[in-house]
Amino acid sequence: MAKELFTASEAASALGISLDTLRRWDKAGRIKTARDAANHRVVSAAEIERVRGDGAGSHISARNRFHGIVTEVKVDGLMAQVEMIVSDPVRLVAVVTRDAVEELGLKAGMATTAIVKSTNVILQS
């Protein structure tokens, strides 16, 4: 039987946010929580899915989602490398300096490569 209610800490972890952020979202009405017998916040599995955008409901605002198929998984000690092929059309928006645009000579319709630099990449299955 799947777990239906999660503690606030478990919910925050599942959403990839801090417990403080979950509390702020609760106060702002961005996430629906309930209280258990000890008056602690609990979050339903369905609400976590809604906020994550797993179901047909609302989605979070993150636009840098690349849907694809996992082609290889390499595990070494505590780390793992996951390779995937992006299968959906992707629209990428970059905010760069005017100098960079001029230096690269970027114009509408020309081919270019976007290199994404991020400190975090989150995988969702």
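Which residues make a nonpolar surface patch of about 490 Å²? The patch is made by Val73, Val75, Val82, Val121 and Leu123. The model is predicted: local features need pLDDT of at least 70 and side-chain atom pairs pLDDT 80 or more, while totals for chains, interfaces and linings use all residues. Residues are numbered from 1 along each chain as its sequence is written, and side-chain values use heavy atoms, without hydrogens and water.

**Surface patch**
- Patch residues have over 30% relative accessible area and no salt bridge, with nonpolar side chains (Val, Leu, Ile, Met, Phe, Trp, Tyr) joined within 5 Å.
- Valine 73 lies in strand 4 (residues 68-76); strands are DSSP runs of E, at least two residues, and helices are runs of H or I, at least four.

**Nonpolar core**
- The largest nonpolar core has 11 residues, including Trp25 and Ile31; such a core joins buried nonpolar residues through side-chain atoms within 4.5 Å.

**Salt bridges**
- There are 5 salt bridges, each a side-chain nitrogen of Lys or Arg within 4 Å of a carboxyl oxygen of Asp or Glu.
- Arginine 41 and aspartate 26 form one of them, at 2.6 Å (N to O), linking strand 3 to helix 2 across 15 residues.
- Arginine 41 is buried at 15% relative accessibility, where buried means under 20%, exposed over 50% and partly exposed in between (1.4 Å probe, protein chains only).
- Glutamate 102 and arginine 98 also pair, at 2.9 Å (N to O), and both are exposed.

Conventions
Patches are made of residues with over 30% relative accessible area and no salt bridge: like charges are joined within 9 Å, nonpolar side chains (Val, Leu, Ile, Met, Phe, Trp, Tyr) within 5 Å. Accessible areas come from the Shrake-Rupley method with a 1.4 Å probe; for residues, only the protein chains shown count as cover.
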